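Take a moment to look at the sequence and the model that follow. Then read on for a guided walk through the fold.

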Amino acid sequence: MKTAFPALILSLAGIPLLVAQSSNIVLPQDKGPNTIDVGAYPPEMQKAYKLFSAKCSKCHTIARPINTLMTRPEWERYVKRMMHKPNSGISDKQGKEIFDFLIYDQTNRKDKNPKAFFRALSDEEIQKLKTQQ
Ligand code: HEC
């Protein structure tokens, strides 16, 4: 009984569920800054930033999208990919709002200083990282 007890506590706390939902790989951009100064962004973008911060930090650090460079088609594909992951909790409408924010932020912050950010990994590179673990 002694050994079964901690496992029971963990499962009551929902921990195995959280582990199952999270992205198990660590990417370089996870270690970068985890906030954006949106003080000068238009009000609707400041609002969308809050939605983005709440929704896109569920499975990995919010630093990951904050520090990743993508083109418009790449972001479009990526937001859909994230929305379609099991239990993403992101509706179509919320996905669109977050996409608009990511494009605004890409154009007005990242594109001005691309060296400060990380390029997105290819599907092959991600697959390789996943199988290494
Ligand atoms: C349900 C879990 C989940 C949610 C919610 C989620 N992600 Fe992800 N994300 C992942 C996983 C898992 C990966 C690793 C790659 C893969 O499996 O597709 C990832 C990878 C990424 C990457 C890395 C791309 C690269 O190539 O370096 C970015 C950027 C990203 N997510 C952005 C977002 C954004 C933006 C949102 C909110 C719209 C979001 N994520 C919400 C699970 C999630």
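**A walk through the model**

Of the 133 residues in the protein, 15% are buried. A residue is buried if 20 or more other C-beta atoms lie within 10 Å of its own, exposed if 12 or fewer, and partly exposed in between, with C-beta atoms placed from the backbone. This is a predicted model, in which local features need pLDDT of at least 70 and side-chain atom pairs count only at pLDDT 80 or more, while totals for chains, interfaces and linings use all residues. Residues are numbered from 1 along each chain as its sequence is written.

How confident is the prediction? The average pLDDT (the predictor's confidence in each residue, from 0 to 100) is 88 for the protein, and 82% of the residues score at least 70. Residues 16-21 stay under 50. Where pLDDT is low, the predicted coordinates should not be read in detail.

Now the overall plan. The protein has seven helices and two strands. These are DSSP runs, numbered from the N terminus: helices are H or I with at least four residues, strands are E with at least two. From the N terminus on, the order is α-α-α-α-β-α-α-β-α.

Which residues form the largest nonpolar core? They are Ala 48, Phe 52, Cys 56, Trp 75, Val 79, Ile 98, Phe 101 and Leu 102. Such a core is a set of buried Ala, Val, Leu, Ile, Met, Phe, Trp, Tyr and Cys residues joined through C-beta atoms within 7 Å. Helix 3 (43-55), helix 5 and helix 6 each supply at least two residues of this core. Helix 6 gives the most, with three. In soluble globular proteins, nonpolar side chains tend to be buried together.

Next, follow two of these helices. Helix 5 (residues 72-83) packs with helix 6 (residues 92-110) at about 145°, their axes 10 Å apart. Axes are lines fitted to C-alpha atoms, for helices over the stretch in contact, and angles run from 0 to 180 degrees between N-to-C directions. On the helix 5 side, Arg 72, Trp 75, Glu 76, Val 79 and Met 83 take part. They meet Gly 95, Ile 98, Phe 99, Leu 102, Ile 103 and Gln 106 in helix 6. Two residues are in contact if their C-beta atoms, placed from the backbone, lie within 7 Å.

Finally, look at the loop between helix 5 and helix 6, where Asn 87 is found. Asn 87 is not a glycine, yet has a positive phi of about 60°. Is Asn 87 buried or exposed? Asn 87 counts as exposed because it has 10 C-beta neighbours inside 10 Å.
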